[in-house]
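Trainee: I have a structure open and I'd like to walk through it with you. Could we take it slowly?

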Amino acid sequence: MIIADLEKIEGRRYPARRRTQNLVGGASPIQTTNFSIGNVVLDPNGGQVPWHNQEQEEVYFIIEGVGELCLGEERQTLSTGQAAYIPPKVFHQITNLGDKPLRMLYCYGPAGDVAHWKQELSGTLPVAGVDVPPLPEGACSQCTEKPKEIVGR
């Protein structure tokens, strides 16, 4: 039996003020070919998974907190207990709107690496409205801050 334990998975901090821990796939002891799952904590007041797209289809499930999800030209608030489907190749972003951490799970398939992790860590994430389509009107700004240092793995 292979077990992934959040208490034992250090995860990685990103410049957009979040911590991601791979539960299935990535650095996890559980490896699959059809899907990946991870735990994400967005810091209070603006922690974010910045505007990006990927080849895989994905679901975000909000465990605790409230955030703004931008998906293509749409913008909506998600809160505890809600899940959102993200089709392949559609640009999306989620930002913590609350003054407490937003906890969520992601699940995407098929399994594999997603480019935005490396782009964010290297400071090469495409800029919304310049390199890639713009965010929906009124949306929280995309975090394009270059990393000061990489903390965790």
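Predicted model: local features only at pLDDT ≥ 70, side-chain atom pairs only at ≥ 80, totals over all residues.

Trainee: Okay, what volume does the largest pocket have?

Mentor: The largest pocket has a volume of about 330 Å³. On a 1 Å grid over the protein atoms alone, a pocket is an open set of points with protein on both sides within 12 Å along at least five of seven lines, a cavity is a set where a 1.4 Å probe fits but cannot get out, and lining residues have an atom within 4 Å of a point. Grid points are joined across faces, edges and corners, and the volume is the space filled by probe spheres set on the points.

Trainee: And which residues are the closest to the centre of that pocket?

Mentor: Of the 23 residues that line the largest pocket, Asn22, Gly25, Gly26, Ala27 and Trp117 are the closest to its centre. By class, the lining of this pocket divides into nine nonpolar, ten polar and four charged residues. Here Ala, Val, Leu, Ile, Met, Phe, Trp, Tyr, Cys and Pro count as nonpolar, Asp, Glu, Lys and Arg as charged, and the others, Gly among them, as polar.

Trainee: Which strand gives the most to the lining of the largest pocket?

Mentor: That is β2, with four residues, and β1 (12–14), β2 (18–24) and β10 (102–109) each supply at least two residues of this lining. Strands (E, at least two residues) and helices (H or I, at least four) are DSSP runs, numbered from the N terminus.

Trainee: How many cavities of 30 Å³ or more does the structure hold?

Mentor: The structure holds one cavity of 30 Å³ or more, and the largest cavity has a volume of about 90 Å³. Of the 14 residues that line the largest cavity, the closest to its centre are Val49, Glu58, Tyr106, His116 and Trp117. The elements that give two or more residues to its lining are β2, β4, β5, β10 and α1, and β10 gives the most, with three residues.

Trainee: Changing topic, what order do the strands have in the open sheet of four?

Mentor: The order is β4-β9-β6-β7, with antiparallel pairing. β4 (48–52) and β7 (74–79) stand at the edges, each with a single partner strand, so one side of each is left without a neighbour in the sheet. Two strands pair if DSSP finds at least two bridges between them, and β4 and β9 (residues 92–96) pair over three bridges.

Trainee: How many salt bridges does a search of the whole structure find?

Mentor: It finds five, where a salt bridge is a side-chain nitrogen of Lys or Arg within 4 Å of a carboxyl oxygen of Asp or Glu. One of them joins Arg18 and Glu120, with the closest N and O atoms 2.8 Å apart. This pair links distant parts of the chain, with Arg18 in strand β2 and Glu120 in helix α1 (residues 115–122), 102 residues apart.

Trainee: Are Arg18 and Glu120 buried or exposed?

Mentor: Arg18 and Glu120 are both buried, where buried means under 20% relative accessible area, exposed over 50% and partly exposed in between (1.4 Å probe, protein chains only). Another salt bridge joins Lys89 and Glu55 at 3.8 Å, N to O. Lys89 is exposed at 52%, and Glu55 is exposed at 57%.

Trainee: Last topic, where is the cis peptide bond?

Mentor: The cis bond joins Gly109 and Pro110, with omega about 0°, and Pro110 lies in the loop between β10 and α1. Arg17, in the loop between β1 and β2, has a positive phi of about 70° although it is not a glycine. Asn45, found in the loop between β3 and β4, also has a positive phi, near 55°.

Conventions. Residues numbered from 1 in each chain as written. Heavy atoms only, no water.
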